[in-house]
Amino acid sequence: DAAVGTALDGADGPAQNGSHPGRAASSPPKAEAATVKVATAKLEYLVDMVGELVIAQSMLKHNPDLAGLRAPRLQRDVAQLGRVTAEVQKTAMAMRMVPVGQLFRKMNRLMRDLARKSGKRAVLELRGEDVELDRTLVEELADPLVHMIRNSMDHGVELPAEREAAGKQPVGRLRLSAAHQ
């Protein structure tokens, strides 16, 4: 689950132990009500740089020169760097997440238009609109969903009279659902 905005406690910078004052080291940042629009290119660059940070932290952690040292403070500092890096990576990846609901609602409009043009009657049931996926994946799903809705209306939903003659309800039903598995 991702928070759109975050609020950091303590504007004075990190405390001696590397955490922010007033916040336990393991507690997640608080979500803010406000949102900020950020250029996609900047977000992509941030995610790329976080990836580089993760690699650099891993190289440091597995550096044989450091592994042989018996300096407890250095070992604690490297462990803290690992925890902070993991949190930054998790937050950066969560910033790319968007709910699929907006895409689903576009399909609802498409289906209404297709039903009106074809004389068929159908409703679209939406489930899991709040499920979040990577923004790129949501964009890539748009065309396949349009194709599936068109095919469903063309080949899966009959005219109301045909449906009733077949013992079906006059209104067809299509369901779009999203879930994490």
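Biologist: Which hand does the crossing have where H4 passes H5?

Modeller: The model is predicted: local features need pLDDT of at least 70, side-chain atom pairs count only at pLDDT 80 or more, and totals for chains, interfaces and linings use all residues. Residues are numbered from 1 along each chain as its sequence is written, and side-chain values use heavy atoms, without hydrogens and water. A crossing is left-handed if the near helix is turned anticlockwise from the far one by less than a right angle, and right-handed if clockwise. On that rule, the crossing in which H4 passes H5 is right-handed.

Biologist: How are H4 and H5 oriented to each other?

Modeller: Helix H4 covers residues 101-118 and helix H5 residues 135-156; their axes come within 10 Å and cross at roughly 25° (lines fitted to C-alpha atoms over the stretch in contact, angles from 0 to 180 degrees between N-to-C directions). Angles under 35 degrees count as roughly parallel, over 145 as roughly antiparallel, 65 to 115 as roughly perpendicular and the rest as oblique. H4 and H5 are therefore roughly parallel.

Biologist: How far apart in space are alanine 115 and methionine 153, C-alpha to C-alpha?

Modeller: Alanine 115 lies in helix H4. Its relative accessible area of 11% makes alanine 115 buried (under 20%; exposed is over 50%, partly exposed in between, with a 1.4 Å probe and protein chains only). Alanine 115 and methionine 153 are 38 residues apart in sequence, while their C-alpha distance is 7.2 Å.

Biologist: How are H1 and H3 oriented to each other?

Modeller: The axes of helix H1 (residues 40-61) and H3 come within 10 Å, crossing at roughly 160°. That angle makes the two helices, H1 and H3, roughly antiparallel.

Biologist: And which hand does the crossing of H1 and H3 have?

Modeller: H3 spans residues 72-94. The crossing of H1 and H3 is left-handed.

Biologist: What is the pattern of the protein along the sequence?

Modeller: The protein has six helices and six strands (DSSP runs numbered from the N terminus: helices H or I of at least four residues, strands E of at least two). Read along the sequence, they give the pattern β-β-α-α-α-β-α-β-β-α-α-β.

Biologist: Which four residues are linked in a network of salt bridges?

Modeller: A salt bridge is a side-chain nitrogen of Lys or Arg within 4 Å of a carboxyl oxygen of Asp or Glu, and the whole structure has nine. Glutamate 125 pairs with arginine 127 at 3.7 Å, N to O, and with arginine 175 at 3.1 Å. The latter pair links distant parts of the chain, 50 residues apart, with glutamate 125 in strand S4 (residues 122-127) and arginine 175 in strand S6 (residues 172-177). The network consists of Glu125, Arg127, Arg173 and Arg175.

Biologist: Is arginine 163 buried or exposed?

Modeller: The side chain of arginine 163 forms a salt bridge with that of glutamate 158 (2.9 Å, N to O). Glutamate 158 is partly exposed, at 23% relative accessible area. With a value of 9%, arginine 163 is buried.

Biologist: Which residues make the nonpolar surface patch of about 190 Å²?

Modeller: Patches join residues with over 30% relative accessible area and no salt bridge: like charges within 9 Å, nonpolar side chains (Val, Leu, Ile, Met, Phe, Trp, Tyr) within 5 Å. Areas come from the Shrake-Rupley method with a 1.4 Å probe, and for residues only the protein chains shown count as cover. Valine 88, in helix H3, is partly exposed at 34%. The patch is made by Leu53, Val84 and Val88.
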